[in-house]
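Okay, thanks everyone, let's get going.

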Amino acid sequence: PTSAPAPATTTHPRSHPHPHPPGAAPVLVPAARQSLERPKQKRYRASPEQLHELLKVFEQNPSPSSEQLVELAERIQMPLQSVVLWFKNRRARVPHPLIASAKASNPPAAASATPSSAATAIAA
């Protein structure tokens with residue numbers, strides 16, 4: 001007796017019609033995620049006095065501990081998340097000493113090459 005071929009119950013993951021495995025939660029796109037979460041907070045602008053204090057603390061320690069950040073936020077009456085974000089953004093803005101000195105001593109070759117010397121180098 002010949003039996004009919006069994007129906008294919010498994011498919012290759014890439015041929016699956018859904019972007020997630022069966023039984024897994026679907027991946028939310030940013031627009032869908034926003035509707036499920038709280039609304040985006042407005043940007044917090046620090047006052048000149050708060051900025052002065054933030055800069056003073058940053059000069060002493062660019063990476064304060066979480067306890068120091070909590071204390072600073074309370075002292076200058078600023079939301080903790082805004083203080084944390086300010087330090088993160090400030091650290092990203094200030095160049096690292098080793099990176100800055102390496103860039104100063106080794107300028108990119110493409111920027112220093114003139115178009116005629118680059119064409120000559122390619123032709124050679």
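Let me start with a question: which exposed residues does the face of helix 2 turned away from its buried side carry? They are Pro48, Glu49, His52, Glu59 and Gln60. Exposed here means over 50% relative accessible area, buried means under 20%, and partly exposed is in between, with a 1.4 Å probe and protein chains only.

Before I go on, a word on where this comes from. This is a predicted model, so local features need pLDDT of at least 70 and side-chain atom pairs count only at pLDDT 80 or more, while totals for chains, interfaces and linings use all residues. Residues are numbered from 1 along each chain as its sequence is written, and side-chain values use heavy atoms, with hydrogens and water left out.

Now the overall picture. The chain has seven helices and zero strands. By helices I mean DSSP runs of H or I with at least four residues, and by strands runs of E with at least two, numbered from the N terminus. Of the 124 residues in the chain, 13% count as buried. The accessible surface comes to about 10900 Å², and 61% of that belongs to carbon and sulfur atoms. Those areas are from the Shrake-Rupley method with a 1.4 Å probe, and for residues only the protein chains shown count as cover. If you look at contacts with a separation of 6 or more, residues 24 or more positions apart account for 50% of them. A contact is heavy atoms within 4.5 Å.

Back to helix 2, residues 48-60. Helix 2 has 13 residues and reaches 19 Å from its first C-alpha to its last, close to the 18 Å expected at 1.5 Å a residue. That expected span is 1.5 Å times one less than the number of residues. The buried ones in helix 2 are Gln50, Glu53, Leu54, Val57 and Phe58. They cover an arc of only 135° around the axis, which puts them on the same side of helix 2. The arc is taken from the directions from the helix axis to the C-beta atoms. And what covers those buried residues? Helix 3 and helix 4 are included in the cover.

Helix 4, residues 80-93, can be read the same way. With 14 residues, helix 4 reaches 20 Å from first C-alpha to last, close to the 20 Å expected. Its buried residues are Ser82, Val83, Trp86 and Phe87. Seen down the axis of helix 4, they fall within an arc of 135°, so they line one face of the helix. On the face turned away from that buried side you find exposed Gln81, Lys88 and Ala92. Helix 2 and helix 3 are included in what covers the buried residues of helix 4.

Okay, charges. Side chains of opposite charge can pair when their charged atoms come close. I'm calling it a salt bridge when a side-chain nitrogen of Lys or Arg is within 4 Å of a carboxyl oxygen of Asp or Glu. The count by that rule is three salt bridges, and Glu53, Lys56, Glu71 and Arg75 are linked in a network of them.

Let's walk along that network. Lys56 pairs with Glu53, closest N and O atoms 3.5 Å apart; both lie in helix 2, three residues apart, about one turn. Lys56 is partly exposed at 39% relative accessibility, whereas Glu53 is buried, at 15%. Glu53 also pairs with Arg75, with the closest N and O atoms 2.6 Å apart. Glu53 lies in helix 2 and Arg75 in helix 3, residues 66-75, so this pair ties together parts that are 22 residues apart in sequence. Then Arg75 meets Glu71 at 2.8 Å, N to O, and those two are both in helix 3, four residues apart. Arg75 counts as partly exposed at 42%, and Glu71 is partly exposed as well, at 39%.

One last stop: the surface. Val70, Leu80 and Val84 form a nonpolar patch there, with about 190 Å² of accessible area together. The patch rule takes residues with over 30% relative accessible area and no salt bridge, joining like charges within 9 Å and nonpolar side chains (Val, Leu, Ile, Met, Phe, Trp, Tyr) within 5 Å. Leu80 lies in helix 4 and is partly exposed, at 39% relative accessibility.

That's the tour, thanks.
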